[in-house]
Amino acid sequence: MTAPPRSLRPAALAAWLSSVLLLLVTVLPTASASTSTSTTIDRKAAAPAAPAATTPVGLNGQLRVCGTKLCNSRGNPIQLRGMSTHGTQWYPHCLTGGSLNALAQDWKADVLRVSTYVQEGGYETNPQHFTNLAHSLIQQATDRGMYVIVDWHMLTPGDPNTNLSRARQFFTDIANRNKDKNNLLYEIANEPSGVSWSRIKSYAEQVIPTIRAIDSDAPVLVGTRAWSSFGVSEGADESEVVNNPVQATNVMYTFHFYAYSHRDEYLATLSRAADRLPVFVTEFGTQNYAGEGSNDFAMSQRYLDLMASKKISWTNWNFSDDNRSGAVFRTGTCNSNGPWTGASSLKPAGVWIRERIATPDNFPVA
């Protein structure tokens, strides 16, 4: 997409850990707990004790790619709907026990995309911190029965190969810590730009084996050319991927759109691509390509209708209180620690997307 750097549109410990801490307090009154993850993550609101069978993960289990669809453990095509965080280097205080409870229970989201920026003050500045932070959010989403997209949010520079060694290390660390979970999807390149599809494909075919050596089951999501537009923003189309797909199984390709800026050509590209390839829309907004300005809800609904008809899963940008119109919460909500439920703290885009996420899922049970 013809987008500026995403920095211009700045994303409870687990229930089991809580019980362990309670046991330690009972047995060893002088013991104190510590954690290496960011202290700005609020862990006071524990994950709700909903029956596992009623959560998205409880209902669907391990996901896999079947044909052009994302399928559950019974081989039935499904559609996941949820939210992407903003960059965790900027907005970790928006990702609290209370806000994640609201996302899972009030919004009824199926999936959380955890966006770890590589540059722009992100992973490269402190790999251990941002790995721990991503892992904490993965665990908290897991405790709430949601799927998690582990988003390697490379953006500038646009060639993912620039960060190849970092990507291998990050995904090795995350996969080793979460390999026994059944709710992860790995997004290995957020928005490649200014680089050929062959270079992106080469990168994917080097990173995917790193993940597969540890976690053989999780779907892998591969970014496409020109800000994950299947090349449309640089004058190409989906045919380059159709004719030269990544040589790996259980792989999907990502598409991003911003409805005010990306009109019929992009909508048609998504429709055609989804008929030939497994596609996951890991990022979209109702505004312009910078995630700001007026909302075009009519065009956005055309995209959502298409994605529903073809069971294309999606996450919306973004679950923060950034000042831009694309952030769902009103500015100041996160510093005030909510309120998280209901619509009183939401901007118009937040009200709109919450209503659409909260409609009943169509998960096949047979």
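Cys94 and Cys334 are both buried in this predicted model. A disulfide joins the two residues, with an S to S distance of 2.0 Å. The torsion about their S-S bond is about 110 degrees, so this disulfide is right-handed. The bond links distant parts of the chain, 240 residues apart. Cys94 sits in the loop between strand 3 (81-84) and helix 3 (97-106), while Cys334 belongs to the loop between strand 10 and helix 11.

The count of disulfides comes to two. Cys66 and Cys71 form the other pair, with an S to S distance of 1.6 Å. Is each of these two cysteines buried or partly exposed? Cys66 counts as partly exposed because its relative accessibility is 22%, and the cut-off for buried is under 20%. Cys71, at 0% relative accessibility, counts as buried. With bonded cysteines counted along the chain, the pattern is 1-2, 3-4.

**Backbone geometry**

| Position | Angle | Loop |
|---|---|---|
| Trp317 to Asn318, cis peptide bond | omega near 10 degrees | Asn318: between strand 10 (313-317) and helix 11 (348-357) |
| Gly338 to Pro339, cis peptide bond | omega near 5 degrees | Pro339: between strand 10 and helix 11 |
| Lys311, positive phi | about 55 degrees | between helix 10 (297-309) and strand 10 |

Glu120 is partly exposed, at 23% relative accessibility. Lys311 is also partly exposed, with a relative accessible area of 22%.

**The nonpolar cores**

In soluble globular proteins, nonpolar side chains tend to be buried together. Which residues touch the most other members of the largest nonpolar core? They are Phe171, Tyr186, Ile188, Val222 and Tyr303, in a core of 81 residues. Helix 6 (residues 197-212) supplies the largest share of this core, seven residues. Apart from this core lies another, of 14 residues, including Val57, Ile78, Leu221 and Phe280.

Leaving aside neighbours within four places in sequence, Ile188 is in contact with Trp152, Phe171, Tyr203, Ala204, Val207, Ile208, Ile211, Val220, Leu221 and Val222. Two of these partners, Phe171 and Val222, are themselves among the residues that touch the most other members of the largest core. Leu221, another partner of Ile188, is a member of the core of 14 residues.

Technical notes: Residues are numbered from 1 along each chain as its sequence is written. This is a predicted model: local features need pLDDT of at least 70, side-chain atom pairs count only at pLDDT 80 or more; totals for chains, interfaces and linings use all residues. Side-chain values use heavy atoms; hydrogens and water are left out. Helices (H or I, at least four residues) and strands (E, at least two) are DSSP runs, numbered from the N terminus. Buried means under 20% relative accessible area, exposed over 50%, partly exposed in between (1.4 Å probe, protein chains only). A nonpolar core is a set of buried Ala, Val, Leu, Ile, Met, Phe, Trp, Tyr and Cys residues joined through side-chain atoms within 4.5 Å. Contact means heavy atoms within 4.5 Å. A disulfide is a pair of cysteine sulfur atoms within 2.5 Å.
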